Each structure stands twice: as C-alpha cells, then as structure tokens.
Amino acid sequence: MVEVTAISRPRRWDSPFDPALGDDDIDRILAAPMFNGLDQSRFPPTLSLREIIRNDSRIDRYRRGDIIVRNGDYGNSVFVILSGRVRVLIDEIPEIGRRPARRRRSPWRLFSQLWTNPPLPEGRAVDAWSPSAALHLRRESGPVRAYLPEVERVIAGHHTIPLAEGELFGEIAALSRTPRTATVFADSDCELVELRWQGLRDIRSRDDHLRAEIDRRHQDRALRAHLAETPLFAHLDDDTLAAIAAETRFESYGTTDLFSAFDRTDSQAEAGAALANEPLIAEEGTYLNDLIMIRAGFARITARLDHGHRTVGYVRQDDLFGLGELVEQWRSNEPAALRCSLRAIGYVDILRVPSPLIERHVLARLPADRLPPPPPHPASRPASLPAWQARDAEAGLEQSLADFLIDHRVINGTATMLINLNRCVGCDDCVRACAAAHGNNPRFVRDGPALGDVMVANACMHCIDSVCLIGCPTGAIHRDVATGRVLINEATCIGCGTCANSCPYDNIRMVEIRDRAGKFIVDRETNAPIRKATKCDLCSDQLGGPACQRACPHDALVRIDLREQDRLAQWVRR
Amino acid sequence: MGASVTTFLWRRIVHSGITATLLVALLVVHHLNSVSLHDTQFLTGWVLVGGIVGLACYNLRKKVPVLPLASAAGWLQVHIYAGWLTVAAFFLHTGLRLPRGPLEVALWTLFVLISLSGAVGLTLSRVLARRLGEHGERPIFERIPTLRADLARRVEDLALASARDTLSITIADYYRSELHDFFRRPRHRLAHLTGFRRHLRHLLDQIDSLNRYIDDRNRDTLAQIAACVVAKDNLDYHYALQGTLKLWLFVHLPLAYSVLPVAALHAVLAYAFAGISP
C-alpha cells in the first residue's frame, strides 16, 4: 500500500484577516452604514454576512496624517470609514514616499563597477542614502506607517477630496487589481474597516444595491478609461465608448487566489482533475453572445480531447477571448460556436461586451486587414498539442509545457527567466554578469522547476499580478510606471519582509547589509542588523538590458513575457 | 526582449555562408598576390595576427559584462566562425609544412593545440549539455559535493542501523568493503563521459545478490541503499560532465594567452629578417 500523509484540506477561512477581531468589533462593523442596510437573508448559512465580516475584515486605526493607501500601489482590499475623516490626494508629493525615477548609469560608471564593486556581499554606500529626508515613519502599537508631518500645508497646497464616516474607497483597485489611482491619508484620527477582496466580492454578489453602486463607480472611473486604452476600441469616440461601457458587464469567476493551488499538481491525472476546479467562463460549442475581455487574473483555454480537455493556451489581463469567432459570425452572417472553452485559474475578473455592439462599432468600422483571422479548428491547427503529437505542431506549445507553465503559475511573468537545458553548459556567466551589475551580488539562482529542456530559473518574473506589491508599508517595492518593472527603492525599504513573504515563487531575498568596509550595518537603537529586500531588477540602471541574457554565450537564457506565446513557442523549438 | 527568434539552423546556414564568402575572398586575394609575385606570407601573417587578436577579444567581452557590447552569444558566434577562418589562414600561411626552428615549432604547436581545444570545447558544449538532460534533475555543480555527502551519510546510517537493530552483518560488511569508497568521492568519470553504465549494473547486481542473506527488514534497507547508489551515480554523472564543461576552458584559455606574445615575437622577427633569404 502506498504511504500517504493525511492533512485537513485547506479552507478559505483558515487564516482570518484579523484573528483578534471580536464579536463587539463585528457588531460595530455591521452597524456601519454600508453594512447595516444589507439583507442578511440573502446570505446562505455557510456564508453568512457575520462570518464574512469575521474572517475577511479588520479594523485599522490611523492617526492624523497617516498614509492609508498610496497612489500607484497595488492593493487587495477596500476601506470603509468607521469613524473620523480621510482625504483623497490626487497629486504626487515627496512626503508620500514615492521613489525617484531610476536613472541609467553612464558608460563610465558602468565600466567602473568592475573595480568599485564591494568585495564582500551586500555592501552598500549608505552615505548616499537619504531615507528619511522625505519619508516620515512612525510606529506605535500597530505596524510601521508613513505619515504626512504637515497635514495642513498639504491640504492648503493641493487639491484634496474629503471623505467622511460611512464612505467607501479603494474598491476599484481591490476588485480589478489595478494600481491605486490616488493617495488617501487620515484627516483626523480615524478607524477604517479594511475588507479583503474576497469578502467584498461575496457581499457584492448578494446585494443588488451594492453591486449597482460599485458597477456604477467602476463604469464611471475605470471602465471607460480601460476601454479607451484597449487597441480594439482605440478608434471610437467618447460617446460610443460610453455607450459600450454602459452595456458592458463586469463579472468575477473563481473562488481561490491564483496561488492557492500553486505547485500541487504532480501527475498528469491530477492535472486533468485540476480542470474540474477551474470554473467555466465560456464553454466550447456554445454560441457567442459577448466578447470576453480579461480585466484581471488568468484563464485557461481548453479544447475537448476524447474524455478529457487539453490545454490550448492561456489568457491574462487585457487579452480577448472569442473575437475570432465573432469575426467569423459577422462575416458569414451565421451563428458561430466557440472553438474552445475558457476556465478561470484562481480568481478572474472579466468584462463581457455584447456582440451586437462589437459588430456595429468595431467590426463594421475596422479595415478588413486589421481584423483577426477566424480561429482554426482545434482538430486542424491547434495552438498546442499533446506531447505525443508534438511533431505535428508547426507552431504553438506542446500541451505538457503549456500545462507546466500554468500549473506552476509561470504565466504570471512579464520577464520570466527561461533556460534551455539543451544549450546551458553551466558556465555561470549569467550569474557572474548579474553579480557584476549588482555590486557583486547575484540577484537570481540558476535553478528552478524544469520540464524537459525548459527550466524556469528562480529570478523575479516581474509578474503581471504582483502580490509582492501588496502591503509594503512604505511603497518601497513598486511598479515602474514607464517600464512596468517591479523595483525596490532601497532607501525606503524598512526590511519588514512583507514582499518576500508574499512572493509565491520565493524570488525575493532578505539580506543583511554591510558598509563599504565590510562591517554589518545595525540599527542605532536596537543594534539589530538592517535588512533589505533584494531581487532581480532587470538591470534597470544598466545599459543594454538584462546582463544575464546578454552574458549567455550559448543562447540558452532568455527573459520573456509569457504573453508572447508565439515567441515562446519559437524559442522552445529553435 | 521582444525580437523574433532565429532558429539555430538558419543562423548556422547564414554564418557558414558568410565564413565561406570571406574564405573565398581570402583565397582570391592570396592567389592574386601570389601571381603578382608578392610575398604572400606577410598577407596571411597579418590576417592570422588579426584573427588571433580578434578571437582573444571575446574573452575581454566576457570580462566586462556590464558594458553594452552586444550579446555574448553574438560574440561567441563570431569567435567560432572567425576561428575556422583563422585556421584556414594558418594553413595558407604555413603551407601545410611542418615548422623549423624552436620559435616556429612553439608557435605552430600552440596554434594547433588552441584550435583543437577550441573545436573539442565547442563539441563538448553542444554534446554534453544535451546529455546532461538525460539523467534527471540537473544539480548545480557547486552543490554536488554537499548532495554527495548527504547521500553518503544516509547510507552509512542505514548500514549502521542494520547492524545495530537486526544484528545482521551482511549490509554493514558490504558497505565497508564496497560502498564506503564509492560514496566517499566522485567515481567512474571516464565511464560517465563515454556513456558506459557497466559499473552501475555491476553494483546493483551485487546489492541484489545480498537479498538472499537478509531478512525482510533488511531488504527494505537494501532497497533504500540501492536507490542511494543510483542517486550517487547520477550525481557522479553530472559532476563528470559538468566538470568537463568547466575544465576544457582551463586548457583553451592559457593556450590563448600564451600564443599572443609568441605570435608578436614571430612577427617582429619576420620583419627583422625580411630581406634575408635562408
């Protein structure tokens, strides 16, 4: 008999947001305007409103001037003001701790790294830092918080919007996992209910009023701008975009985080069974009523094969599903069925744009050469094939590789480091180049999960859904607006380790730093070593792109955006 | 990131074509010089010096990875094909004759060795990297001694526990006489490089033959030891192949550094004695 280790199946509420939240706190939250109007009878006994509040919310207390959310940061929660006032600040000011734009080093500074890099690991020129010059931090009983020392001056000098007790903010970023669009700070000592996105989603799905209100806000604030940025709608005027936005439905699928089933599928049979846990968004063979746009998250495209489903590909944020079939339907004037199914991997937000709107405003107006070709039938030219038919696939990934990338959640990467083991001779030129570009400290490990000849190295993938960005108290880890890279501003990193603990791929390392003489740097008050979060920054201050890729003499290493499935397939098949 | 991917076959065709064109050009120029009664030795000599210096620049590029000097893969391609071209220039220069005099012998020997080591290294890079994928997960070279020590400790513990708990000496004896040395250090490097697996079959047969002398509890122990033997053999395989991939550079690079001053001295002497017939 095969030996097994039995554990309790992980459940959604194994880790409440705040285990210390008591009944009195829950009563206070339920008495708040946003919650006291909810019809509790619409919540099933297994998912009562009280239990949602108990497990998915917490009460945060802020002092006047504390920064609650920061413009550009990522968040996964929404806030309701329980007591006190807050202000929304649109402008960017130095006091909120925004990092300076990274400047590339001059060729001479690049060259001089060869002899100026510190000889010992993690050496830093701390004199060059001015961590507290702009950013002010304080800690009392709770976590470390950044604050504005001169609230009055900020209010007087900048455009701010006051929000009072009972009001809600942060819902768009929480639901669509997009960056916060403004900074919010406490205008008085205040208490806020912070509700995780899972709780917000459950409440929203059971309360028509709240759903309508959030959808209205979403349409007003985010959806129209999002549609305008979508290439398919780029030629449309504001009125048409508004008409499309009014008809577009925002839907969510999936019950788990992207990473909750991460790396748990060990066999092909298990992988096949895993599909059963991925909710169906659109089913192969059904007729198409909408164009599906992925707003946030990831989804797997599958096609039937005998009694199972093979993975054809995947889609992620900003990708479209069903456009090819819509074009076919419009051209032939015959209803077209979906060639493939779409399944939610983890939690997915989608937008459904009704097909008549697409036909009227998009297909009828776009030149024929800009329309996508009808999708090939899976049996004739699929995007991916089972491994045993791989030789038949002139383009596209093998199914086993597509499954591997999905099962290990590698599809999250925009600059994933892949190594072709057929070419890699283990010379470590990539590691040495990385070290040379980062003060003699390599920022990745040339090791990681592999399938066949393809290895995914342990290097920051600069994820599209970057959970490491959530919860940084100072905003030190951030996404660069110009390049989309996830970077860490060492001057404002306080070494709390939130990002490193959040990264499901273990690609962020906490290190104890030294001065140029090699002595460890310690905190003046506690004498504890100063720690910093470190990771791959794609050589953002170097010239010529990632040093690792440029240094590989055998063309074995590539940094690749996993959205580019064609390029990935070409790279694998070289 | 973002550019289309060129297949290795297409790249090989293009680069071979360019190299062949340059070679033909060199032969034509050499022939024209020859029929116009110029001394072709100086032409081929300078082509050779230029080639050697150019080839050495690849190592400089590797030393400064932080400068945007194009990709190392591009440099390696130039290094490989320029290397073939330089070999052709060498044969034109020497006229397929054996060298005379100590300096010429030294230079000739160094060049031949560096060319051979380069060709062998290139072959190893392509062949061994592919073969490494055939033996399970590829461990990082520097971690192999630690992994090997872990396996050795585990097998020793199993052997000692077998003797202590079951009062059976078969496994412990076998461990002392055969396995202790096997686990102590990397073994069978040549067999791994050449692809022979007889040593492993021999060890596993020996282990299997012990089954008739032991009880059920020890059979389980023996199965675990056999698994460790296979794991250790895989580590040896990776150590042998990865080590060879690192080692060949220690042959190629010193030769490359030593050929430069000898070639320079040869050029100086060639000009110094240019007007003197032998």
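Biologist: What makes domain 1 and domain 2 of chain B two domains, and how far apart are their C-alpha centres?

Modeller: The C-alpha centres of the two domains of chain B lie 45 Å apart in this predicted model. Residues are numbered from 1 along each chain as its sequence is written, chains are lettered from A and ligands numbered from 1 in the order in which they are written, and side-chain values use heavy atoms, with hydrogens and water left out.

Biologist: How many residues does each domain of chain B bring to the contact?

Modeller: Contact means heavy atoms within 4.5 Å; domain 1 of chain B supplies 9 residues and domain 2 of chain B supplies 13. Together they bury about 930 Å², with 51% of it on carbon and sulfur atoms. Buried area here is the accessible area (1.4 Å probe) that two parts lose on being put together, summed over both.

Biologist: What holds for salt bridges and polar contacts between these domains of chain B?

Modeller: There are 0 salt bridges, but 8 residue pairs are in polar contact, both at pLDDT 80 or more. A polar contact is a pair of N or O atoms within 3.5 Å; within protein, one must be able to donate a hydrogen and the other to accept it, and residues adjacent in sequence count only if both atoms are side-chain atoms.

Biologist: Why is the pair Arg143(B) and Asp447(A) called a salt bridge?

Modeller: The term asks for a side-chain nitrogen of Lys or Arg within 4 Å of a carboxyl oxygen of Asp or Glu. The closest N and O atoms of Arg143(B) and Asp447(A) are 3.2 Å apart, so the pair qualifies. The count between chain B and chain A is 3 salt bridges, alongside 11 residue pairs in polar contact.

Biologist: How much area is buried between chain B and chain A?

Modeller: About 3100 Å², of which carbon and sulfur atoms give 55%. In residues, 34 of chain B are in contact with 40 of chain A.

Biologist: What makes Leu49(A) in helix α3 of chain A count as buried?

Modeller: Buried means under 20% relative accessible area (1.4 Å probe, protein chains only). Leu49(A) is therefore under that cut-off, as are Ile52(A), Ile53(A), Asn55(A) and Asp56(A).

Definitions and conventions:
This is a predicted model: local features need pLDDT of at least 70, side-chain atom pairs count only at pLDDT 80 or more; totals for chains, interfaces and linings use all residues. Domain bounds come from an automatic or database domain assignment. Buried means under 20% relative accessible area, exposed over 50%, partly exposed in between (1.4 Å probe, protein chains only). Helices (H or I, at least four residues) and strands (E, at least two) are DSSP runs, numbered from the N terminus.
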